[in-house]
Amino acid sequence: MLRNINSKEFLDSLRSGSEESFTQLFNTFNTDLCSYAYRILGDHNEAKEIVHITFCKIWDNRRSIEINESLKAYLYKSVYNNCISQLRKKRQYSKYVELGLGDL
């Protein structure tokens, strides 16, 4: 049964572990979030990976997740934060490569 993603009922069902609600959430936002992440990262595979990680974190933390804004805003902010973390890791790694320490 499809529910309104912005409803409290939907969020409650997600928190309770409804795979149907999670699938609906994924199907609704996956493509747009991948596009958003790609615009930040410039790499399709990294963008897909970041979105995948974001959805995994949401599923893993579903019982304790606190959403004070819309679910859509929460997802976009999560993807943004994960993209920024990825860019920082890449920048840090590139410093090691420049020093010849990339294999460590």
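This is a predicted model: local features need pLDDT of at least 70, side-chain atom pairs count only at pLDDT 80 or more; totals for chains, interfaces and linings use all residues.
Residues are numbered from 1 along each chain as its sequence is written, and side-chain values use heavy atoms, with hydrogens and water left out.

**Switch to cartoon.** You'll see four helices and zero strands, in the order α-α-α-α along the sequence. Helices here are DSSP runs (H or I, at least four residues; strands would be E, at least two), numbered from the N terminus. Of the 104 residues, 31% are buried, where buried means under 20% relative accessible area, exposed over 50%, and partly exposed in between (1.4 Å probe, protein chains only). Take the contacts (heavy atoms within 4.5 Å) between residues at least 6 apart in sequence: 56% of them join residues at least 24 apart.

**Select 19-41.** This is helix α2, and it bends by about 45° at Phe-29; the bend is the angle between axes fitted to the seven residues ending there and the seven starting there. Now colour the buried residues of α2, among them Ser-21, Phe-22, Gln-24, Leu-25 and Phe-29. Step just past the end of the helix to Gly-42, which takes a positive phi of about 75°.

**Select the core.** Show side chains for Leu-25, Phe-29, Leu-33, Val-51, Phe-55, Leu-75 and Val-79: these have the most contacts inside the largest nonpolar core, which has 22 residues. A nonpolar core is a set of buried Ala, Val, Leu, Ile, Met, Phe, Trp, Tyr and Cys residues joined through side-chain atoms within 4.5 Å. Helices α1 (8-15), α2, α3 (44-60) and α4 (71-98) each supply at least two of its residues, with α2 giving the most, seven.

Which residues does Leu-33 contact, leaving aside neighbours within four places in sequence? Zoom in and you'll find Val-51, Phe-55, Leu-75, Tyr-76 and Val-79 around Leu-33.

The model has two salt bridges, counted when a side-chain nitrogen of Lys or Arg is within 4 Å of a carboxyl oxygen of Asp or Glu. One pairs Asp-12 with Lys-8 at 2.9 Å, N to O; the two sit four residues apart in helix α1, about one turn of the helix. Asp-12 also forms a salt bridge with Arg-15, with the closest N and O atoms 3.7 Å apart. An α-helix has 3.6 residues a turn, so residues three or four places apart point the same way. Check the surface here too: Lys-8 is exposed at 63% relative accessible area, Asp-12 is partly exposed at 31%, and Arg-15 is partly exposed at 23%.

**Last stop: Arg-62.** Look in the loop between α3 and α4. Arg-62 is buried yet has no salt bridge, and its nearest side chain of opposite charge, Asp-60, is 5.6 Å away. For charge, Lys and Arg count as positive and Asp and Glu as negative; His and the chain ends are not counted. Beyond neighbours within four places in sequence, Arg-62 is in contact with Leu-14, Arg-15 and Gly-17.
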